[in-house]
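Have your viewer ready and let's walk through some charged side chains together. Each stop gives you something to select and a note on what is there.

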Amino acid sequence: MNKKLIFSGVQPTGEIHIGNYLGAISQFVDNQDNYESIYSIVDLHAITVWQDPKIIQSQIHHVLSVFIAAGLNYEKNIIFNQSSVPQHAELAWLLGCTARIGWLNRMTQFKDKAGKNRENASVGLYTYPVLMAADILLYKATHVPVGDDQKQHLELARDIAHKFNVDYEIDFFPLPEPVMNKNTRIMSLRDGTKKMSKSDTSSYSRILMTDNNDDIKTKIKKSKTDSMKMPSIDSALDERPEISNLLNIFSAASGESKEDVIKKFAEREISEFKSDLTDVLINLIEPMSSEIKRLIADKSFLNEVLKKGSDRAKSLSTVTISELHKLMGLKIL
Ligand code: AMP
Ligand code: TRP
């Protein structure tokens, strides 16, 4: 039996928004007392789409500051940036020989991100789910907290682990389980059918963990809605994706169930609901955003955390890689 171990990753590709926080990072914090945990700032994933070398370091520091400001214990947990542990890339190669092309061809995120010009997407963007499987399996992680957009990638990691175990006739990798919050696919504030995303061209589509109170107020005020009153039952939300999303955000940010939030605002004006939602978000974000700003200024502290984390991650991952070399008959000396 493997002991329970969490692994998760966040890409340093832009500013962290409440989708990342409510979908993933808050779960990292909630689970940290129950599991050993490893969190990676996955810079090798980020470069599957071109990143400016001049800003990637500060993006890494930004993600780390959000982790710490959100309450992740950087002494207990292992927190590091992926490229400082080269074993991730090595295991990605080994597992790339287990993963099947047909499996990768089914990945919807690749289809979405590559768009119509698929021939021109990077090979890295295509094989990205294999690197993600390697991230998890390198530590034999058993639980993976992620937003539900990553569910398919996690299923692929399980398929790869299973095929590897069958091919080498050994129970080597545990099959990692997703850990997901209910109702926390957070959608764009401008379009309730599109995921809130770091790369959306409209900054009004997302609320950042560094937004100040006025930013939050304006973004919620300008968020797309309709002209009806607030619904009194859940089924009335099928045709109202934007209101449904704002209710999900309210529920996730306040900790109240969605049913209770619906009851509380039933038949009231949307403007009243928006005003309360603004307060809930300010309560959540204000303390974190000031802590993020304080931490980001202390580069030597942040680098020290990353250095300690990568040393610990390296010593765990070299063990897995040597076991694999032996198992696969690769290393003679
Ligand atoms: P990324 O920014 O793509 O590295 O995502 C980091 C984590 O945030 C992953 O676990 C994602 O599943 C999660 N995430 C990203 N966007 C959203 C969203 N709009 N709603 C919920 N979770 C999200
Ligand atoms: N692919 C994830 C995302 O875009 C980030 C990620 C990389 C990840 N490796 C991981 C998440 C391993 C969980 C486990 O959000």
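Buried means under 20% relative accessible area, exposed over 50%, and partly exposed in between (1.4 Å probe, protein chains only). This is a predicted model, where local features need pLDDT of at least 70 and side-chain atom pairs count only at pLDDT 80 or more, while totals for chains, interfaces and linings use all residues. Residues are numbered from 1 along each chain as its sequence is written, and side-chain values use heavy atoms, with hydrogens and water left out.

Start by selecting E304 and K308, which form a salt bridge (a side-chain nitrogen of Lys or Arg within 4 Å of a carboxyl oxygen of Asp or Glu), with their closest N and O atoms 3.9 Å apart. Both sit in helix α13 (residues 299–328), 4 residues apart, so about one helical turn separates them. Helices here are DSSP runs (H or I, at least four residues) and strands likewise (E, at least two), numbered from the N terminus. K308 counts as exposed because its relative accessibility is 54%, whereas E304, at 45%, is partly exposed.

Next, pick E177 and R158, another salt bridge, at 4.0 Å between the closest N and O atoms. Here E177 belongs to strand β5 (residues 177–179) and R158 to helix α8 (residues 151–167), 19 residues apart.

Now move to D226 and R240, whose side chains meet at 2.7 Å, N to O. Both lie in the loop between α9 and α10, so the pair ties together parts 14 residues apart in sequence. Is R240 buried or exposed? R240 is buried, at 6% relative accessible area.

Finish at E239, in the loop between α9 (213–222) and α10 (241–254); it counts as exposed at 72% relative accessibility.

How values were computed. Chains are lettered from A and ligands numbered from 1 in the order in which they are written.
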